[in-house]
Amino acid sequence: MASFLYRLGRFSFRRRALVTAVWAAVLVALGAGALTLSGQLSNSVTIPGTESQKAIDQLADRFPEAAAGGATARVVISTPGDITDAAGQAAITGLVKGLENAPKVAGVVNPLQMQAISPDKHVALAQVSYRVPGFELTDADREGLMAAADSAKAAGYTVDFGGDAVQAMPATNATEGLGVAVAAVVLIITFGSLLAAGIPLLTALIGVGIGMAGITTASGFLELNTNTPVLALMIGLAVGIDYALFIVSRYRHELTIGRDPEEAAGRATGTAGSAVVFAGLTVIIALAGLTVVGIPFLGEMGIAAAITVAIAVVIALTLLPAILGFAGGKLAGGKIRLRRKESATTHGERWAKFVARHRIPVLIAAIAGLAIVAVPAASMQLGLPNDSTAAPDTTQRKAYDTVARSFGEGANGPLVIVVDLSGSTDRQAALQQAAAGIGGLPERPIVTPPKTNRAGDLALLTVIPKSGPSTTATEDLVSDIRGLNAGLGSATGASLAVTGQTAANIDVSEKLADAMLPYLALIVGLAFLLLMLVFRSIVVPLKATLGFLGSVVATFGAVVAVFQWGWLTDLLGVKTTGPIMSMLPILLIGVLFGLAMDYQVFLVTRMREEYVHGADPQQAMVTGFRHGSRVVVAAALIMISVFAGFVLAESSLIQSIGFALAFGVLVDAFVIRMTIVPALMSLLGRGAWWLPKWLDRVLPDVDVEGEKLAKQLDAPDERELVDASK
């Protein structure tokens with residue numbers, strides 16, 4: 001592989017105009033597609049095969065007038081006085097009429113008719129159902145909904161809106177630009193040159209631009225989740241900068257030892273480029289593996305991000321050498337002197353020697369620190385966002401709090417019970433038994449009168465729990481209701497299913513939790529094989545994966561402490577706390593594993609390069625660390641800054657993803673890779689590179705450290721080989 005990449009790097013360097021033109025054409029073509037073919041992104045979270053989704057599909061087929069799959073809105077009108085007096089009734093009537101005339105509304109439940117009035121008569125609750133799902137509502141549709149309250153507000157009443165119909169698409173803001181700015185500063189400090197710092201940023205932005213344009217174009221043909229481009233942007237930007245940083249650093253090293261620019265580009269692509277390929281493969285495996293857990297929206301996010309990473313790898317191997325061709329030998333030395341030239345290298349070598357001398361205490365301290373940070377992970381609660389997790393000053397949160405105070409927490413998360421009566425000979429008795437069974441459960445929920453379809457073979461019951469939609473008590477209630485199905489079927493021939501937003505969120509959370517361990521086993525297993533191929537060792541991949549598990553558990557602990565317990569929320573700008581997003585743990589496992597293996601490959605390949613070139617294990621560790629640590633530190637700081645920029649986003653999901661990835665990279669890079677890895681490498685010595693002889697014969701030699709390439713190029717007939725490559 002190293003020889004092939006060497007030739008590719010030299011080709012791209014020589015044919016730089018052609019290579020640059022091809023990538024420019026790709027960017028322009030996809031950009032045009034994004035402008036003309038883009039579609040609307042979806043914020044729906046559905047998992048085929050769950051009970052709640054089956055019930056929704058059943059309703060859509062046999063009870064379409066119920067609009068069960070459509071968006072809903074809770075409209076809360078309140079006053080310090082009596083909401084049922086003449087003025088209050090007039091305000092409610094006008095509000096309901098305006099809601100009925102709002103775009104795409106299927107129906108409105110009048111609180112005066114349904115007695116949805118709080119006991120103190122200060123609050124009335126109207127329910128709005130839509131003909132379309134929430135993600136199909138436009139800003140104009142939401143504005144039409146809000147405008148229905150203008151007359152009531154003008155009369156002095158307070159009106160707030162909740163429900164998924166009010167939730168606009170989560171969007172990022174300009175805060176990711178802060179991460180790019182910090183990344184630029186880190187690159188300038190690392191290279192001491194504006195030109196050298198600008199090249200990784202340029203290639204990363206081009207790669208992200210191509211990836212995002214491709215996703216936007218694909219949205220015109222596929223229904224994609226609204227968080228899909230966010231994850232691709234995060235990952236693509238971070239790895240794009242890192243991969244270019246690694247190759248540019250090696251290119252500058254080759255220039256400093258006297259190589260001509262074209263030869264330096266070839267060798268940098270052949271050696272550092274090999275590490276980039278395998279680092280990228282680990283990220284791609286981790287992200288693409290999200291498709292096997294049976295959760296469509298996660299699979300979409302994983303595939304989109306994996307494609308963006310693949311683009312970043314190809315750009316680093318082709319466009320980057322071409323841009324280096326335009327720069328030539330101008331990158332040989334930095335002109336900006338922020339510190340002594342050798343200080344970073346010296347510090348890296350000193351740290352490696354310190355870790356080697358005190359490896360046992362260092363290991364104990366690092367592992368103990370990880371264990372302490374991981375403690376909160378034991379109390380992690382999973383859930384999906386609802387109005388209770390909205391910012392305190394939003395209309396959704398105000399509506400949620402008002403409903404909770406006036407009607408109880410459960411009114412914010414009603415359950416929809418679908419009773420299939422087609423197999424029952426006495427449908428009325430079956431309905432009565434279903435309602436009585438639910439009402440008689442220990443939780444004592446409120447059961448509303450049933451509604452039946454035109455055929456009379458399908459009925460709906462609405463159940464109001466006593467507890468809120470994100471509580472374990474409501475989860476238990478859903479389980480208890482589903483437990484009544486067997487008895488109902490044997491007694492009456494009918495069947496029941498629980499659906500609605502609350503039940504769907506519970507099903508999604510359970511599905512995600514069940515998929516976590518199989519997914520973890522899949523990506524760890526595949527990455528272990530890949531790393532064994534790269535390092536030709538069993539011990540190095542084993543400690544790499546075990547180190548990842550330590551960093552991910554510590555990250556879970558930090559996420560729980562901030563987003564569930566509320567620690568440091570003011571400092572980090574986190575407005576609300578609550579259950580951790582159900583999708584976050586499995587998403588974090590995939591993304592963080594891939595990024596963690598990046599640092600493993602970048603750092604340890606240089607150690608192996610020194611080892612296979614004849615250095616003893618201790619010296620190989622120190623020398624490899626000295627060369628690789630500066631790049632890994634810079635890469636980690638860049639990733640942390642890029643991810644941390646998303647903590648300032650408005651969406652709590654994006655906030656938690658940004659924080660989790662930033663903290664995870666911090667722990668993995670500085671505690672695992674920069675501390676535990678050199679300590680273990682020093683402790684194990686030659687044992688770190690142990691590989692059974694039979695396995696050594698079976699495994700293909702991919703020459704990721706460029707040993708064969710170096711022997712070929714440094715041979716006496718090097719000039720003939722170089723000339724032949726032209």
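A: Helices H1 and H13 lie oblique to each other: the axes of H1 (residues 2–14) and H13 come within 7 Å and cross at roughly 50°. Angles under 35 degrees count as roughly parallel, over 145 as roughly antiparallel, 65 to 115 as roughly perpendicular, and the rest as oblique. The axes are lines fitted to C-alpha atoms, for helices over the stretch in contact, and the angles run from 0 to 180 degrees between N-to-C directions. H1 passes H13 in a right-handed crossing (the near helix is turned clockwise from the far one by less than a right angle). On the H1 side, Gly9, Ser12 and Phe13 make the contact, and on the H13 side Pro321, Ala322, Leu324 and Gly325 do, where contact means heavy atoms within 4.5 Å. Sorted by class, this contact has four nonpolar, three polar and no charged residues. Here Ala, Val, Leu, Ile, Met, Phe, Trp, Tyr, Cys and Pro count as nonpolar, Asp, Glu, Lys and Arg as charged, and the others, Gly among them, as polar.

A word on what you are looking at: this is a predicted model, in which local features need pLDDT of at least 70 and side-chain atom pairs count only at pLDDT 80 or more, while totals for chains, interfaces and linings use all residues. Residues are numbered from 1 along each chain as its sequence is written, and side-chain values use heavy atoms, with hydrogens and water left out. Helices (H or I, at least four residues) and strands (E, at least two) are DSSP runs numbered from the N terminus.

H13 (residues 319–327) also packs with H9 (residues 194–218), at an angle of about 145° and with their axes 11 Å apart. That crossing is right-handed. Leu195, Ile199, Leu202, Thr203 and Ile206 of H9 meet Leu319, Leu320, Ile323, Leu324 and Ala327 of H13, a set with nine nonpolar residues, one polar and no charged.

Next, look at H11 (residues 261–288) and H12 (residues 296–317), whose axes are 9 Å apart at an angle of about 175°. These two helices are therefore roughly antiparallel. Their contact includes Gly273, Val283 and Leu287 from H11, and Gly302, Val309 and Leu317 from H12. The contact residues divide into 14 nonpolar, four polar and no charged.

Val283, Leu287 and Val309 turn up again among the residues touched by Ile235, as do Gly240, Val591, Phe643 and Leu661, not counting residues up to four places away in sequence. Ile235, Tyr243 and Phe643 touch the most other members of the largest nonpolar core, which has 154 residues. Such a core is a set of buried Ala, Val, Leu, Ile, Met, Phe, Trp, Tyr and Cys residues joined through side-chain atoms within 4.5 Å; buried means under 20% relative accessible area, exposed over 50%, and partly exposed in between, with a 1.4 Å probe and protein chains only. A second, separate core of 29 residues includes Val75, Val108, Ile117 and Phe161.
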